[in-house]
Every structure is written in structure tokens, then in C-alpha cells.
Amino acid sequence: MAKPIVLIAEELSPATVEALGPDFDVRNVDGTDRAALLAALADANAILIRSATNVDAEAIAAAKHLKVVARAGVGLDNVDIKAATAAGVMVVNAPTSNIISAAELTVGHILSLARHIPAAHANLAAGTWARSKYTGTELYEKTIGIIGLGRIGALITERLQAFGMNVVAYDPYVTAARAQQLGVTLLTLDDLLKTADFITIHMPKTPETTGMIGTDQLGLMKPTAYIVNVARGGLIDEDALYAALKSKRIAGAGLDVFVNEPPKESPLLGLDNIVLTPHLGASTDEAQEKAGVSVARSVRLALDGELVPDAVNVAGGAIDPSVRPGIPLMEKLGQVFAGLADSPITTIDVEVRGEIVEHDVNVLKLAALKGVFSNIVSESVSYVNAPLLAEARGITVRLSTDATSEEYRNLLTIRGALSSGATISVSGTLTGAKQTQKIVEINGYDVEVPVAQHLIVMIYTDRPGIVAVYGKEFGEANSNIAGMQVARRTAGGQALSVLTVDSPVPEELLAKVGKAIKADLLREIDIVEV
């Protein structure tokens with residue numbers, strides 16, 4: 001029997017090939033040579049890439065035997081995940097391979113800013129001895145503010161505490177108990193910006209976090225403070241940052257990531273109070289080797305038909321066909337659950353009811369956690385690191401099963417407690433021959449709403465005319481309501497309304513609607529494919 005063909009399209013560490021082992025026909029191609037790549041893909045069962053090879057819809061269409069695309073790194077901008085999923089091709093990456101490298105680069109930026117190392121070197125190399133010009137500041141007893149206290153944030157905490165720094169953090173999804181365990185004081189974002197001497201940001205890039213540090217936020221910082229972004233380009237508004245640095249409103253900044261890469265036309269390049277690096281977060285020998293070995297192991301699992309923990313689009317492995325359709329539904333329920341939370345999550349209970357409990361449903365717990373964390377952490381979330389993300393945040397996770405489901409053939413529920421003492425829940429099921437994904441319960445209210453990309457959930461006191469009030473507000477704002485359902489337990493009591501809308505709703509409109517109906521809860525939840 002012919003060996004499966006594994007195509008290596010970019011230079012990877014020797015350990016990567018060793019991790020593949022002798023069971024594959026390993027071939028090499030220059031991934032940047034488009035014609036050669038397309039020709040080589042015709043026979044390939046798997047392809048290993050880094051950032052230079054573009055595996056788009058055309059490449060996937062040319063690869064009739066392709067089972068898996070493996071990116072030796074974190075980012076997947078050069079892979080068409082939607083086209084891969086449609087073709088049944090698994091996409092995997094190495095989500096934890098670079099976390100130490102990213103944390104160390106962040107510390108490097110902070111030290112470079114504190115002691116003016118790059119500028120002093122350039123000055124000395126130009127033949128000038130200007131010691132007094134580059135007087136710096138110690139990190140000892142200064143305050144570091146970490147925006148996003150995930151795995152990288154925790155690593156930075158550990159390293160900078162060794163310098164004698166005080167650590168404060170902003171992360172709406174981290175509990176006080178977890179922060180206390182790390183020796184970190186949780187603050188609001190505004191208070192962190194006002195307090196910290198150095199600030200580093202480690203958030204995912206979403207519509208809500210893009211530009212989250214803008215003119216107003218930079219205006220809250222101390223004139224002596226520095227800010228660093230080694231996470232995602234665009235979290236800091238680059239125009240606002242340029243204005244703040246140019247006017248000396250803040251002391252300096254360090255960037256490893258940019259809105260446009262390379263940032264050839266950026267005015268930031270001309271400033272002398274900024275340290276810039278060309279997206280080096282994962283550029284260490286160790287990170288590259290970890291990434292290569294990790295994806296090589298994933299390729300082995302995928303081609304052997306096993307569960308692939310780092311799959312970002314589909315779950316591979318020995319999963320019963322009756323369980324498999326529940327995986328994407330559970331991930332979306334996880335996103336709704338996270339969207340409903342207004343304070344840190346302390347417990348998550350994943351409940352599976354119905355006939356599918358005859359099979360192994362542990363993957364549904366992993367899918368729930370993957371959905372919960374997909375929009376609230378900076379690193380990529382997979383089946384393997386989702387439980388670690390929960391553990392790092394001190395969240396207790398449980399799975400329970402029950403063969404009895406009274407109303408539906410199968411019922412999937414995520415229920416949890418928040419640090420505020422509140423409890424939240426969301427349930428879903430698959431209906432009909434097409435296995436339509438539906439939400440059938442939110443916070444104890446019975447609903448039946450098809451899963452949509454944009455959802456608005458409102459809870460308010462039931463009274464006549466409320467639907468007309470918010471319908472009018474959305475209509476006047478030209479925000480189209482595609483579907484709506486209202487649920488209540490008793491007349492005149494609390495009511496829950498779920499709207500599906502065609503596009504994201506501006507925060508200003510949500511605030512206006514919330515005020516008009518005196519909402520006890522109003523959330524917009526945008527569901528992304530994960």
C-alpha cells in the first residue's frame with residue numbers, strides 16, 4: 001500500500017520531519033512558487049506550511065486527496081478555512097507554540113523602552129557618546145498593567161514580578177480568585193490606564209477590541225507611561241498612538257504588530273520614542289521547533305483518523321456520526337453563553353441529554369469550552385487548550401449526561417455561575433432532516449430561535465407596547481430585524497426577547513434601546529465560525 005503523501009511547502013525544523021516518522025512519503029515544494037505548489041498538491045494528503053504559502057480556495061480545489069492543512073504557527077490568515085471546511089479538509093495549527101516567545105518579546109520591549117536600548121545603540125554606532133541623553137527608568141517598584149490576563153499575560157506576570165514590579169490587570173473574564181492566585185490586582189480598564197507605568201495588551205482581535213486603545217484611553221495614561229502591543233495589529237489605534245507619541249502625551253511605545261504589515265507608509269516609523277519590531281513574536285528557534293513538531297503530530301493523528309485536538313475547523317477522530325453534528329452547535333452555544341456573562345465565569349456545567357449519550361460525548365464538552373473562549377482570549381482556542389484556559393482562570397468544568405430528553409431528541413445545555421452570584425444558561429438542539437441548529441432556552445426562558453450570526457438578547461419587565469418601542473428604534477436606525485421571539489414565565493413579569501438582525505448593531509443604538517425599554521439585560525452576540 002502506498003504511503004500517504006505529506007507535502008512540506010516551507011522550511012521547517014528537522015525535528016518536524018522526525019516527528020512525522022517513516023510512515024509517510026514526505027515531499028518538498030516551494031510554497032511561494034504557485035505553479036509548483038498547485039502541481040504538487042494534486043497528490044498530497046497533507047500539507048505543512050508557515051506564513052508564506054497561500055492555501056486558498058484554488059489550492060484546495062487542486063488538492064483532490066487533501067485531508068489536512070497544518071500551519072506551523074498560530075496565525076491562519078494564509079489559509080481559507082471556509083473553503084477547507086467545505087471541502088472536508090481539516091485545518092490545524094500550533095496555538096501554544098509561541099506563548100513563551102511572545103511573553104519574552106514583550107518583556108524585551110518593556111526593557112528596551114525603559115532603558116532606551118535601541119536608540120542608544122544606534123547613537124553609539126553612529127559615533128556619538130551620549131550617556132546623559134539616554135537616562136532610563138528602573139522597573140523595580142513600578143506598576144505593569146496587563147490588558148488580557150490569559151496564558152501569555154500570566155507568563156508576563158511571573159517574569160515581571162521577578163523584577164519587583166507591581167502587577168495590575170484588566171480582564172473581564174478572569175475571576176478575583178484567579179487574580180489573587182497570580183498576585184495580580186484586577187482593575188477597570190480606565191483605572192489600569194491611569195495607574196500603570198507600563199502597559200501591555202494581550203487581547204483577541206474582535207470588532208469590540210479593535211481600536212480599544214484610542215485617543216481617550218491614551219489620554220488617561222501618565223505622561224511618563226509606556227505601552228506595548230505584541231498581540232494583534234489594530235488593538236491600538238495607530239493614528240491616535242502617533243498623535244500621543246508626537247506630542248509627548250505619553251513617554252513611548254513598543255509595537256511588534258501593525259494594521260498593515262509591513263507598515264511601509266506608517267508615520268510611526270519616523271518617531272524616536274517608539275521601538276518597532278517586524279512581527280517577531282513567534283520568531284525563535286524554540287517556538288518554530290515546537291510549532292513544527294506539534295503540527296506534525298496533528299498530521300499523523302488526522303491521517304490515522306484520530307481526534308485532532310488542535311483542529312480549528314472540524315473535529316477529527318473516532319467520533320460517532322450522531323455526535324458529530326452537535327460539535328458546531330455546542331461551539332456556538334458557548335459563544336452565546338460567553339456573550340451573556342457580565343462578570344467572570346466561575347463554573348461551567350455542560351449537560352447532554354438524549355439518545356446520543358449512548359456514545360462518547362466528551363468532545364461536546366471540549367466544543368463548549370472552545371466556543372466560550374473563542375472571543376475572549378488572545379490566543380487561538382482549540383480542543384486541547386480550551387480546558388487549560390478554563391483551568392488557568394480557575395473555572396470548574398463538569399460534564400453530565402442523561403438519556404432522558406422529554407421535549408427534544410437530543411438537548412445540549414451550557415449552564416454556569418458567575419462571580420457576581422448570577423447563573424446563566426443556554427440550550428440548543430438540532431431539528432429536521434437538515435439538522436437545523438436552534439437555540440431552545442436562554443436563562444430559563446423557553447425559545448426556539450435558529451442560530452444566526454447576529455443575535456440580540458433582551459430581558460425587561462413585560463408590559464404592553466414594548467415590542468413596538470424597540471421595533472421603532474431599530475427601524476429608525478435602519479437596522480433590519482430578520483426574526484424575533486418573545487418568551488415569558490408569567491404575564492406582567494420578566495420577559496426575554498431574542499432578535500436576529502442582519503448586521504452588527506452600534507453600541508449607541510443598543511444603549512438607546514436599553515434605556516427606552518428599561519432593560520435588565522441587553523446583549524448583542526455575534527457568532528463566528530470556529
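Guide: In this predicted model, a nonpolar patch is built from residues that have over 30% relative accessible area and no salt bridge, with nonpolar side chains joined within 5 Å.

Visitor: What makes M484 count as partly exposed?

Guide: M484, which is found in strand β20 (residues 481-488), has 43% relative accessibility. Partly exposed covers what lies between under 20% for buried and over 50% for exposed, so the value of 43% places M484 in that class.

Visitor: How do you know that D462 and R488 form a salt bridge?

Guide: A salt bridge needs a side-chain nitrogen of Lys or Arg within 4 Å of a carboxyl oxygen of Asp or Glu, and the closest N and O atoms of D462 and R488 are 2.5 Å apart, so the pair qualifies. This pair links distant parts of the chain, since D462 is in the loop between β19 (454-461) and α16 (466-476), whereas R488 is in strand β20, 26 residues apart.

Visitor: Why is D462 called buried?

Guide: Its relative accessible area is 18%, and buried means under 20%, so D462 belongs there.

Visitor: What separates K472 and E476 along helix α16?

Guide: They are 4 residues apart in that helix, which means a separation of about one helical turn, and their side chains meet in a salt bridge at 2.8 Å, N to O. E476 is called exposed because its 54% is over the 50% limit, while K472, at 48%, counts as partly exposed.

Definitions and conventions. Residues are numbered from 1 along each chain as its sequence is written. This is a predicted model: local features need pLDDT of at least 70, side-chain atom pairs count only at pLDDT 80 or more; totals for chains, interfaces and linings use all residues. Side-chain values use heavy atoms; hydrogens and water are left out. Helices (H or I, at least four residues) and strands (E, at least two) are DSSP runs, numbered from the N terminus. Buried means under 20% relative accessible area, exposed over 50%, partly exposed in between (1.4 Å probe, protein chains only).
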